[in-house]
Amino acid sequence: MEWIKQGLANQGYLKCDTDDGCENKEEVGGEELFDTVNSSIVSGDSIRFFVNVNLDVQQDVTAESESAGCVLLHTSRKYLKLKNFEEEVRAHRDLDGFLARAIIILDETATSLDDVLREMLKHFAEDSDNAEPSCNFDKIMSTLFTDSGAPREGNVHLLSDTIQGVTATVTGVQYQQSWLCIICTIKSLQRRHVCISRLERPQNWGENSCEVRFVILVLAPPQNGWSTVPGSFFKKQPGGELDQKSTKTATEVGRTFATMFSDITFRQKLLETKTEEEFKEALVNQRHLLTVVNQRPSPVADGHKTHNHKPLKLHEFFNVGKGIFDDVARRLPVYALDFTDGIIGNNKAIGKYITTMIFLYFACLLPSIAFGSLNDENTSGVIDVKKTIVGQCIGGLVYALCAGQPLVVLLTTAPLALYINVIQGICTDYDLHFRAFYAWVGLWNSLFLVLYALFNFSLIMKLFKRSTEEIIALFISITFVLDAIKGITKVFGRYYHVSPKPHVAFMDNTTILLNMSVERSALGNQTDGRSAPTDYGRETAILSLMLMLGTLWLGHTLYQFKKSPYLHARVREILSDCALPISVLMFSIVGSYFFQEINMPKFNYNVSESFFELAPLQVLSVGSVMSALGLGFLLSMLFFIEQNIVASLTNAPENRLVKGTAYHWDLLLVALINIGLSIFGLPWIHAAFPHSPMHVRALAYVEERVENGHIYETIVSVKETRLTSLVANFLVGLSLLLLPFPLQLIPKPVLYGLFLYIALTSIDGNQLFERVALLLKEQTAYPPTHYIRRVPQRKIHYFTGLQVLQLIILCGFGMSPLPYMKMIFPLIMIGMIPIRYNLLPRIIESKYLDAMDAEH
């Protein structure tokens, strides 16, 4: 396959699977392939489209074949360049000719390839504008397949002439499996005909065509051939041959439409059209885009995460404010579109916006409650749930309005709760005023972030390879799991492993937990209608475990429901997008209503004073203020890494975001937001993983492809909007009206289940996790990923082992019981850069490292 990759490496090509009827006789590299036919090909009336290459039955097969039913099949693969709509006039004329006599079939219900083609030919026959008086459509139907004129024992039923999109990337040659262009040259035709059929559901027609939604059928007279049509107006060459221009052949017409359908975004737009007029309008718009495509700058080149890493130069860090200026210049022209995309125009996405707002509201509110409750415990109520919700609302709204990348979600996180706990411990040990010391640490942190933004420190993120980012992402997922385990362990320690003490009310600084169980009277004569309190608390512990695991199970099941065959596709998508709120609401009702006799641990609610009371900054000595500087610097390292890595994962090339990045401006904005939060004693916030990539995914349109039995999802486009984040954070602020009822009805174990759900969904697509899973699989079950194809298996496992070792070291510091060790783990993250560039190349060849660090 190397010659294929070399032929496609620098530009896109269309694969023409053809026999001698294909006019392009040039072979790539002068080679010709002869493939054997897989034994899974069947004959008869069933579907037999296989491999999607031309398999032409040789006409000289005799009855003297050694095996009955055996024939020879000739495979010819030829590559066609994508048609240049800006330079090739014929492309526009092909489309104009089609629009003048358009045959478009929307939502075709036929499931077999034969039936789909018969319906298309039937439309040809019934259309008066496309009448061919001397044409036999039954003969055309048979000509489309290789068994036309074949010996009886050679009835191998395959398409004769097709064009299909292929792309050569670091992952190898990938087929575009959602569309298929079938071309056929018929001598009896008088002119060219094109029919496009959009299938109601994706159809599996064999390898490399496992999810076909569009079929383009192109019929045309031959370029040179004897006239069989009386009254034909083709110009004859000497010798009686017809002269059909080479630019008007079936292959050239097919190349025109295949070029248009090779754009994944265009195919998504066609799926959204409801009428033939909208379908035609989409074709015209696509022609316009292809005409001016060379005049537009590539959106992937914006920002610094292009993976064409040039060496960093020192002078780049001394262009003060240049990164911020470039970010604003890049994003400001499309600022208005962030409010109108999906709301105004043809491609409305209001339904997707609503489901995303619901998801994002719960994704912001529930962690705010969970970490607010944790901060309430650690700070004795100085920072509680109400203040966490207020800080989330204000910071989220400001960021959604002003950020360069509004799809990034800001939250208070577990590492920030850890820092707050450490600050509380220092204040207790040295008798410092907590609110004042907390404010000074936050101000120093913001000062360092402002300096990082002004001096373009985000350029350092060029040095973070994909493997390093995935180690940090997996570390964050592990912290969510650890928080859930700690929480449920605390519940079991308090309720399950205790001596029986009747009517005991367990008090702590979070909530009042009363052990009660069902003691039902045999005569049912309870006077108050409630259960009497029990002597044991094991019911609370067991129910807590069930609620946590139930929330995880229901949430993940609904999240994966979009991959199931049940219900309509739109319903599956809605259920998947709303998996988080549905699971939380469902098991909150189960824990608080169906088992109301058993009191569950709930977060504490304090009727606190004003939210905006200024911290007494002046009460600290100069020495205390300078000691806060060290903590502020370490905190700024955490902010810098988390903000930039989450933004990098959000802007990953596979997400197909087109409006550009704003790393430097967003870092400055986060610094300014946290200045206000620090002064008023509200919890800090920064970019959150995996909420930000999940936000992108909720706004994305995806297309599935099947490769060797493995299903992969490819993002077609993303609705880049500020509205979802704005509305979600505004609703978070309104949730203050729901305190204490009904939000306090959400049991803590449900929040622990939320943590597990977030952790489990965040590892979806994490290459490190996938490679660890390879150790548990047999080799025949390995997926056909790019690193499996390009890297020796032993090198893959070496690389995975080294990544796991780095992850263990990072977890050792970040999850250490010693609070001061926890605070330096951001420096460990920075230390992964020299490990990747200096140590790993001494163990594994650089070419293999680059292959495993490559994007999807």
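Trainee: In which sense do strand β8 and β9 pair, and over how many bridges?
Mentor: Bearing in mind that this is a predicted model, strand β8 (residues 193–203) pairs with β9 in the antiparallel sense, over seven bridges. Two strands pair if there are at least two bridges between them, so the seven bridges between β8 and β9 meet that criterion. Within this pairing, isoleucine 196 stands opposite isoleucine 216 in β9.

Trainee: How do you know that β7 is joined to β9, and how do the two run?
Mentor: Seven bridges join strand β7 to strand β9 (residues 212–220), and these strands run parallel. Cysteine 181 stands opposite isoleucine 216 in β9, and threonine 185 stands opposite alanine 220 in β9. Isoleucine 216 is therefore a residue of β9 that has cysteine 181 opposite it as well as isoleucine 196.

Trainee: What makes β7 and β9 mostly covered?
Mentor: A residue is called buried under 20% relative accessible area; in β7 (residues 179–185) six of the seven residues are buried, and in β9 nine of its nine residues are buried. For the protein as a whole, 54% of the 856 residues count as buried.

Trainee: Why is arginine 287 called buried?
Mentor: Its relative accessibility is 15%, and the cut-off for buried is under 20%, so arginine 287 counts as buried. Arginine 287 is found in helix α7 (residues 276–292), and, leaving aside its neighbours within four places in sequence, it is in contact with Phe85, His92, Leu95, Asp96 and Met260.

Trainee: What makes the approach of arginine 287 to histidine 92 a polar contact?
Mentor: The side chain of arginine 287 reaches the backbone oxygen of histidine 92 at 3.4 Å, and because a polar contact requires a pair of N or O atoms within 3.5 Å, this distance falls inside the limit.

Trainee: Why is isoleucine 358 called partly exposed?
Mentor: Partly exposed lies between the buried limit of under 20% and the exposed limit of over 50%, and isoleucine 358, in helix α10 (residues 350–378), has a relative accessible area of 36%, so it belongs to that middle class. Isoleucine 358 also forms a nonpolar surface patch with Ile343, Ile344, Ile350 and Ile354, with about 430 Å² of accessible area together.

Trainee: Why are serine 380 and aspartate 431 called exposed?
Mentor: Exposed means over 50% relative accessible area; serine 380 stands at 63% and aspartate 431 at 70%, so both values pass the cut-off. Serine 380 is in the loop between α10 and α11 (385–402), whereas aspartate 431 is in the loop between α12 (414–430) and α13 (434–454).

Trainee: What makes the phi of serine 380 and that of aspartate 431 worth noting?
Mentor: Most residues other than glycine have a negative phi. Serine 380 has a positive phi of about 55 degrees although it is not a glycine, and aspartate 431 likewise has a positive phi of about 55 degrees.

Trainee: Which peptide bond joins phenylalanine 689 and proline 690?
Mentor: A cis peptide bond joins them, with omega about 5 degrees, and proline 690 lies in the loop between β15 (686–687) and α20 (691–698).

Conventions
Residues numbered from 1 in each chain as written. Predicted model: local features only at pLDDT ≥ 70, side-chain atom pairs only at ≥ 80, totals over all residues. Heavy atoms only, no water. Patch = residues over 30% accessible without salt bridge, like charges linked within 9 Å, V, L, I, M, F, W, Y side chains within 5 Å. Areas by Shrake-Rupley, 256 points an atom, 1.4 Å probe, with all protein chains shown as cover. Salt bridge = Lys/Arg side-chain N within 4 Å of Asp/Glu carboxyl O. Helix = DSSP H or I, 4+ residues; strand = E, 2+ residues; numbered from the N terminus. Buried < 20%, exposed > 50% of the residue type's maximum accessible area, 1.4 Å probe, protein only. Polar contact = N/O pair within 3.5 Å; in protein donor to acceptor, adjacent residues only side chain to side chain. Contact = heavy atoms within 4.5 Å.
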